[in-house]
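Colleague: I would like to go through this model with you, contact by contact. Please give the cut-offs as we go.

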Amino acid sequence: MTMIRSLVRAARAAALAAGVVAAPAARAQIAVMSSTVEEHVASPGSRYTGDIVIANPTREPQAVRIYQTDYRFLADGTSNFDDPGSQPRSNASWIVPQATRITVPAGTRITVPYSVTVPAADSLRGTYWSAVMVEGVSPVPTAADARKLALGSVMRYAIQVATHIDATGQRNVRFDAPSAGLTPAGSAMLDLDVVNTGERGVRPALSVEVYDAEGHLRARAKQQRGLLYPGTSLHQRFELGSLPSGTYKAVVYADTGAEPVLATQYTISW
């Protein structure tokens with residue numbers, strides 16, 4: 001689940017020096033109960049629908065804002081929520097939420113449907129995606145709160161909506177920036193970035209086999225990763241356990257569901 005918490009912070013020492021009293025936090029407390037990654041296989045010219053389920057666990061009604069952005073992420077840990085339609089594979093213009101503002105009564109859930117209309121274009125290939133943002137709206141401070149300092153938070157959820165055009169689109173990834181070392185606990189590790197250079201979103205199954213100078217298998221590790229969109233990247237760390245210092249051959253594999261499985265060999269040492 002992609003969840004973004006924006007904290008409104010104040011300097012407590014300055015507030016106390018000024019004689020300002022901190023009020024109870026005015027929070028917009030909601031939760032998205034449906035999946036935050038929605039995937040559909042669709043044909044050009046088709047239409048499909050989905051639902052976003054928003055819960056209010058509090059004793060007060062909660063206002064909610066629903067809007068759209070593009071979404072991309074990189075191996076360095078950054079996530080970008082750009083204007084809808086700004087990315088070349090954005091499907092934001094295909095998506096229509098049924099509502100943009102709602103109020104969820106206390107202790108209940110509301111389902112907000114959305115529809116996706118895929119353009120009837122033969123040029124569409126691979127995966128197109130964007131995000132529907134669901135954000136709690138904090139209450140407007142009253143006059144009685146004018147001299148109080150409110151410390152609160154706003155909950156914001158990103159629901160990724162991905163459209164895979166039939167079975168089209170190349171499934172390609174590459175490995176970048178390999179590096180080997182030791183964890184603080186002394187375990188050997190191999191770090192690298194995985195970049196989706198294809199046209200279709202994939203959930204790569206990543207694995208590594210480590211061989212010593214005599215060709216003996218000394219370590220093996222694997223991990224299934226989440227949905228990696230075209231042009232995005234992720235950072236992968238393999239922890240390989242205790243290995244003696246020396247030079248090894250590491251063979252890294254990425255299974256994207258297409259043949260052949262990608263394999264890259266590195267010489268590493270500790």
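Modeller: Contact here means heavy atoms within 4.5 Å. This is a predicted model, in which local features need pLDDT of at least 70 and side-chain atom pairs count only at pLDDT 80 or more, while totals for chains, interfaces and linings use all residues. Residues are numbered from 1 along each chain as its sequence is written, and side-chain values use heavy atoms, with hydrogens and water left out.

Colleague: Leaving aside neighbours within four places in sequence, which residues is Ser187 in contact with?

Modeller: Ser187 sits in the loop between strand S15 (173–182) and strand S16 (188–196); strands (E, at least two residues) and helices (H or I, at least four) are DSSP runs, numbered from the N terminus. With neighbours within four places set aside, the contacts of Ser187 are Gly181, Leu182, Glu239, Leu240 and Gly241.

Colleague: Is Ser187 buried or exposed?

Modeller: Buried means under 20% relative accessible area and exposed over 50%, with partly exposed in between (1.4 Å probe, protein chains only). Ser187 has 13% relative accessibility, so Ser187 counts as buried.

Colleague: Which backbone nitrogen lies 3.0 Å from a polar atom of the side chain of Ser187?

Modeller: A polar contact is a pair of N or O atoms within 3.5 Å; within protein, one must be able to donate a hydrogen and the other to accept it, and residues adjacent in sequence count only if both atoms are side-chain atoms. At 3.0 Å from a polar atom of the Ser187 side chain, the backbone nitrogen is that of Gly241.

Colleague: Which residues touch the most other members of the largest nonpolar core?

Modeller: A nonpolar core is a set of buried Ala, Val, Leu, Ile, Met, Phe, Trp, Tyr and Cys residues joined through side-chain atoms within 4.5 Å. Residues up to four places away in sequence aside, Leu240 touches Ser187, Val208 and Trp270, among others. In the largest core, of 34 residues, the most other members are touched by Val208 and Leu240.

Colleague: Where is Thr58, and which side chain makes a polar contact of 3.2 Å with the side chain of Thr58?

Modeller: Thr58 is in the loop between strand S5 (47–55) and strand S6 (62–69). At 14% relative accessibility, Thr58 counts as buried. A polar atom of the Thr58 side chain lies 2.9 Å from the backbone oxygen of Glu60. The side-chain partner at 3.2 Å is Gln62.

Colleague: What is the bridge partner of Gln62 in S10?

Modeller: Two strands pair if DSSP finds at least two bridges between them. S6 pairs with strand S10 (residues 101–104) in the antiparallel sense over 4 bridges, and with S12, also antiparallel, over 7 bridges. Val64 stands opposite Gly136 in S12, while the bridge partner of Gln62 in S10 is Val104.

Colleague: How many residues apart in sequence are the parts that the pair of Trp94 and Tyr128 ties together?

Modeller: Rings of Phe, Tyr and Trp (its six-membered ring) pair if their centres lie within 6.5 Å; planes under 30 degrees apart count as stacked, over 60 as edge-to-face and the rest as tilted. Trp94 and Tyr128 form a tilted pair, with 5.3 Å centre to centre and 40° between the planes. Trp94 lies in the loop between strand S8 (79–80) and strand S9 (95–97) and Tyr128 in strand S12 (residues 126–137), so the parts tied together are apart in sequence by 34 residues.
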